[in-house]
Amino acid sequence: MLFGGDDFMFEVKTRARILTHGSKTKGVLLLILPAAAFTGLIISVLLFILCSYYPAETVFEGWFFSQTIKNNPAFSVFIKYFFLFCSVLFLLFFSSLRFTLMAYFYYRTDKNQSRPKSFISLKTGAKNFRCGAFLFLIKTAYFALFLLPGAISSAVIYMLVNSRGIPAATLYTGLAVSFIQLIAAIAAAFIFFGRYYMTEYLLYLNPLMSVREAVISSASLMRGKLFSTALFRLQMIPWLALKQVIFILPFALSYSSLLRAVMREKIFAEDKTKVNSPAVSFYINKKSKFF
């Protein structure tokens with residue numbers, strides 16, 4: 001079956017729609033956990049920043065322990081770093097619980113894989129935070145590279161205008177070219193970033209896989225699928241917007257998450273039929289495995 005064809009997409013959407021039965025309520029309940037962790041993260045970061053710029057007794061003036069802070073200056077320093085510690089802790093919990101939420105929908109597509117609750121740990125949170133940071137840096141670097149031609153064109157126009165001036169027609173033409181280059185850069189980056197579409201799914205399938213291995217494997221799996229995957233990701237945008245509507249949230253969350261899960265499962269399964277690789281890996285320890 002042709003990847004990205006009408007029959008392929010119909011199969012993906014139909015399977016995702018069927019799998020939403022029984023997953024809406026639990027999906028929303030699982031969403032509450034990372035949302036609570038994220039709220040704790042924001043509050044902890046804000047309190048750490050406030051305690052860094054103002055004395056703790058000023059920040060907590062009127063609270064029942066404010067007098068204790070005034071009488072013990074060292075306690076003020078302790079409170080500041082306590083909120084820093086809480087920020088890191090909430091960040092790791094948020095990263096772990098967010099991945100657990102995604103793992104729940106991956107598990108719905110194949111219950112022979114890792115159970116979602118196995119990903120609730122600080123170690124998993126740290127690994128997935130590293131993955132997010134690593135991908136952010138890679139995407140930022142590539143996006144800057146894609147923007148380079150437009151940035152150079154804009155800089156040239158700016159220098160010409162400030163140095164000796166240019167005719168209005170030339171100015172408007174240059175601005176139009178720069179704008180087209182900007183739009184082309186955004187579109188090219190969006191398509192190119194599909195290389196990393198499978199990274200999270202691979203970390204779910206192979207918990208012992210390193211972040212670097214997952215990124216490289218994702219790029220390999222996505223060869224020849226970037227454009228069709230970009231079209232699929234564009235189709236997902238309305239569903240992502242609908243998740244902001246409270247009364248549609250249960251269905252929008254489960255359906256959009258299962259669409260991604262089924263699509264990633266199809267991409268992975270399609271690749272397995274092309275290469276002679278084992279379907280099951282047995283991990284002996286953290287450094288070795290046999291098939």
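1. In this predicted model, α6 and α7 pack with their axes 8 Å apart and at an angle of about 170°, where axes are lines fitted to C-alpha atoms, for helices over the stretch in contact, and angles run from 0 to 180 degrees between N-to-C directions. The two helices, α6 and α7, are therefore roughly antiparallel to each other, given that angles over 145 degrees count as roughly antiparallel, under 35 as roughly parallel, 65 to 115 as roughly perpendicular and the rest as oblique. Helices (H or I, at least four residues) and strands (E, at least two) are DSSP runs, numbered from the N terminus.

2. Among the residues that α6 brings to its contact with α7 are Y142, F143, F146 and L147, and those on the α7 side include L171, G174, L175 and F192; contact means heavy atoms within 4.5 Å. By class, this contact of α6 with α7 has 15 nonpolar, 6 polar and no charged residues, with Ala, Val, Leu, Ile, Met, Phe, Trp, Tyr, Cys and Pro counted as nonpolar, Asp, Glu, Lys and Arg as charged, and the others, Gly among them, as polar.

3. Helix α7 (residues 168-192) also packs with α10, at an angle of about 100° and with the axes 8 Å apart, so α7 and α10 are roughly perpendicular to each other. Here F190, I191 and F192 in α7 meet L226, F227, A230, R233 and L234 in α10, a contact whose residues divide into 7 nonpolar, no polar and 1 charged.

4. The axes of α5 and α6 cross at roughly 85° and come within 7 Å, which makes α5 roughly perpendicular to α6.

5. The second largest pocket has a volume of about 830 Å³ and is lined by 28 residues, of which R98, L135, K139, E200 and R264 lie nearest its centre. A pocket is, on a 1 Å grid over the protein atoms alone, an open set of points where a 1.4 Å probe fits, with protein on both sides within 12 Å along at least five of seven lines, and lining residues have an atom within 4 Å of a point; a volume is the space filled by probe spheres set on the points, which are joined across faces, edges and corners. To the lining of this pocket α6 gives the most, with 8 residues, and by class the lining has 17 nonpolar, 5 polar and 6 charged residues.

6. On confidence, the mean pLDDT (the predictor's confidence in each residue, from 0 to 100) of the protein chain is 86, and 90% of its residues reach 70 or more. Over residues 273-280, however, pLDDT stays under 50, and the model has 3 contacts beyond four places in sequence for them.

7. Residues are numbered from 1 along each chain as its sequence is written, and side-chain values use heavy atoms, with hydrogens and water left out. As this is a predicted model, local features need pLDDT of at least 70 and side-chain atom pairs count only at pLDDT 80 or more, whereas totals for chains, interfaces and linings use all residues.
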